[in-house]
Amino acid sequence: MNYWLIVNDAAGDGRRGERFWREHLEAAGLEHLRVGYLADTDWEREVEPGDRVLVAGGDGSVGRAATVCIERDATLAVLPSGTANDFARNLALPEDPAALCHLAVSDHTASVDVAWINGRLYLNVAHIGLGTMPAREATHERKQRLGRFSYLVTLAQRAKLQRGFSGRIECDGQTVEGHWLTIAIASGAYFGGGHHIAEARIDDGRLDVLAVRHRSWFRVLLAFLVTRLMGHTPRHDDTLVHLQSSQCHIQLRQDRTLTADGETLGRMSNVSAFTRRGVLRVVCNPLAASQLATLHPAEDRAPGYDAPMVRPGHGQEP
Ligand SMILES: [Mg+2]
């Protein structure tokens, strides 16, 4: 079994780089460590089944490493080092680097869900509409300066310019039509640098689709506040629509920008997403592990189920 340290030197403020983690991992008793760089792909082909891939970076880096872990049947350990570490929040990892490195080499693991949207893997949330703004507008400089608040600042600045968009959302037999301000499709329970999604879990085999209707800002704000305080969406106001389903299809009247885990995927009118329960083995806090489902993925698959394509075109690459 190999231990890999995968680093992204461009993530976060750069203080938690290769040397930082190597020292803490050695202190945790890890002697043999192979190092790979996210800018490089050579290491990906050398990862073997049962290996542990420790990735130092933010959500973007973790997504790349997760893809490799699913393809190569390896276990992922996250060493949060980026601006947005939303995936790591689902795993209740300790903040102290020494405690984190002890955990990263331990056998406390659990299986979590991974989602795909229009063929691309994502771990946290995909957005259409207002929610895509931060990904497109937050500059690297602002991300470093304001951290998680960069998303909110950008969102507030751009909110008034949104005109909304029309479309139909279909989730396992439920169909909702409307004129929307934003639609979010979440796999985990956090997005945008720590914002929690009520009732969402990363191990329930379901996507949480949250759609906000294009209404007065007072009603939108009220719906958000009620959700925050009550822990669920308002029962007598359909400003906020919350659907849970293992897959969803969204048909828009016109092309709109789609983002997933903060990356822009382009403009499109047809969006299909699905989740696969427990396909990714991750190191997590033992307390979180007892709450996360530990089902073997094979037990949860429908007959005739084919493993999803981890990334388009994989296998044809040189
Ligand atoms: Mg879920």
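Trainee: Let's start with Trp 43: where does it sit in the chain?

Mentor: Trp 43 lies in helix H2, which spans residues 42–46. Helices here are DSSP runs of H or I with at least four residues, strands are E runs with at least two, and both are numbered from the N terminus. Keep in mind that this is a predicted model, where local features need pLDDT of at least 70 and side-chain atom pairs count only at pLDDT 80 or more, while totals for chains, interfaces and linings use all residues. Residue numbers run from 1 along each chain as its sequence is written.

Trainee: Why is Trp 43 called partly exposed?

Mentor: Trp 43 has 19 other C-beta atoms within 10 Å. A residue is buried with 20 or more other C-beta atoms within 10 Å of its own, exposed with 12 or fewer, and partly exposed in between, with C-beta atoms placed from the backbone. The count of 19 therefore puts Trp 43 in the partly exposed class.

Trainee: Which residues does Trp 43 contact, leaving aside its neighbours within four places in sequence?

Mentor: They are Trp 4, Ile 6 and Gly 36. Contact means that the two C-beta atoms, placed from the backbone, lie within 7 Å. Trp 43 and Ile 6 are 37 residues apart along the chain, yet their C-alpha atoms are separated by 8.8 Å.

Trainee: What makes strand S1 "mostly covered"?

Mentor: Of the 5 residues in S1 (residues 3–7), 4 are buried. S1 also has partners on the strand side: it runs parallel to S3, with 5 bridges, and parallel to S2 (residues 34–37), with 4 bridges. Strands pair if DSSP finds at least two bridges between them, so both cases qualify. Trp 4 stands opposite Val 53 in S3, and Ile 6 has Gly 36 of S2 as its bridge partner.

Trainee: Why are the buried residues of H5 said to line one face of the helix?

Mentor: Those buried residues are Pro 97, Leu 100, Cys 101 and Ala 104. Viewed down the axis of H5, they fall within an arc of 95°, so they line one face; the arc is taken from the directions from the helix axis to the C-beta atoms. An α-helix has 3.6 residues a turn, so residues three or four places apart point the same way. Their cover includes H1, strand S3 (52–57), strand S4 (75–80) and strand S15 (263–283).

Trainee: At what angle do H1 and H5 pack?

Mentor: H1 (residues 18–27) and H5 (residues 97–104) pack at about 65°, with their axes 8 Å apart. Axes are lines fitted to C-alpha atoms over the stretch in contact, and angles run from 0 to 180 degrees between N-to-C directions. His 24, Leu 25 and Ala 27 of H1 meet Pro 97, Ala 98 and Cys 101 of H5. By type, the residues of this contact are 5 nonpolar, 1 polar and no charged. Nonpolar covers Ala, Val, Leu, Ile, Met, Phe, Trp, Tyr, Cys and Pro, charged covers Asp, Glu, Lys and Arg, and the others, Gly among them, are polar.

Trainee: How many bridges pair S14 with S15?

Mentor: S14 (residues 247–260) and S15 are antiparallel over 10 bridges. They form a hairpin with 2 residues between them, and Asp 261 in the turn has a positive phi of about 50°. S15 also runs antiparallel to S5 (residues 109–117), joined by 8 bridges, including the pairing of Ala 115 with Thr 275.
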